Amino acid sequence: MLSSPVWRGSPALAFRAGLLIGGALSAVVLVVVGSLLRVPLPWTARWALVAAALVLVLLRDIGVLRFTLPENRRLVPESVFRLGRLLGPLQFGVEMGTGARTYLPSGLPYVAGVAVLLAAPLSGALWVGVGFGVGRALMTTANLRYPGDWDAQWARYSGRLAAMLGAAFVVSLLGAVWLTAPS
Amino acid sequence: MRRWHPLVVAGVLVAAAVGGAALVPWLFLGATAGLATSGST
């Protein structure tokens with residue numbers, strides 16, 4: 001789908017804007033629900049739950065544990081493009097940006113979701129949502145600009161990439177812990 | 001255009017995340033999670 005000429009110019013920009021909007025929407029929903037769930041939990045318990053989610057997901061991702069995470073196991077339908085040259089890609093981007101309308105090959109978004117649910121302030125949640133969209137937009141941009149088969153290269157180095165991104169994710173999580181620590 | 005190779009893109013994001021984790025950790029939390037979902041288009 002990404003090889004289509006629609007992924008050039010303003011449709012591509014609309015798609016990327018949709019990714020950011022979708023990510024922000026998901027984050028706002030999570031932080032609103034989380035603002036109720038987290039009330040009885042002290043700061044330490046909140047982050048302990050996030051850490052537990054991280055450990056479980058990492059063990060799952062490296063194959064030590066086997067369990068299924070909730071996932072919409074399908075691609076966003078191409079029918080979204082019936083909405084037009086800009087609105088179609090925009091809706092496609094929003095749906096992909098939410099993280100709830102297509103496959104999620106990594107467990108990291110679930111841990112980010114738990115962190116937003118239990119520990120993020122509204123501003124932090126918006127950063128996570130926009131960041132999620134940026135990460136997905138980065139993938140799209142790189143895929144389009146790489147001269148060869150980007151997906152094949154991703155698959156070839158998937159283990160190394162998962163380790164790199166997992167490490168960066170943990171560093172970012174530690175930064176968030178430090179930022180939200182009670183003074 | 002080899003600079004768009006997945007390892008290069010991920011490397012740049014990792015470096016930015018490590019450098020910016022103290023300032024905008026939430027942003028990089030989302031960005032690393034977002035890029036990690038590559039292959040789902």
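Good morning. The largest nonpolar core of this model has 63 residues, and those with the most contacts inside it are A:Ala115, A:Val116, A:Val128 and B:Leu29. By such a core I mean a set of buried Ala, Val, Leu, Ile, Met, Phe, Trp, Tyr and Cys residues joined through C-beta atoms within 7 Å; buried means that 20 or more other C-beta atoms, placed from the backbone, lie within 10 Å of a residue's own. Helix H5 of chain A, residues 122-145, supplies the largest share of this core, 11 residues. Helices here are DSSP runs of H or I with at least four residues, numbered from the N terminus.

The model is predicted: local features need pLDDT of at least 70, side-chain atom pairs count only at pLDDT 80 or more, and totals for chains, interfaces and linings use all residues. Residues are numbered from 1 along each chain as its sequence is written, with chains lettered from A and ligands numbered from 1 in the order in which they are written.

Which residues does A:Val128 touch, not counting residues up to four places away in sequence? They are A:Ala27, A:Ala112, A:Val116, A:Ala120, B:Trp26, B:Leu29 and B:Gly30. Contact means that C-beta atoms, placed from the backbone, lie within 7 Å.

Turning to the two chains, 32 residues of chain B are in contact with 50 residues of chain A. On the chain B side, H2(B) gives the most, with 12 residues. That side divides into 22 nonpolar, 10 polar and no charged residues. Here Ala, Val, Leu, Ile, Met, Phe, Trp, Tyr, Cys and Pro count as nonpolar, Asp, Glu, Lys and Arg as charged, and the others, Gly among them, as polar.

Finally, H1(A) passes H4(A) in a contact made by residues including A:Ala27 of H1(A) and A:Val116 of H4(A). By class, this contact has eight nonpolar, two polar and no charged residues.

Methods: Helices (H or I, at least four residues) and strands (E, at least two) are DSSP runs, numbered from the N terminus. A residue is buried if 20 or more other C-beta atoms lie within 10 Å of its own, exposed if 12 or fewer, and partly exposed in between; C-beta atoms are placed from the backbone.
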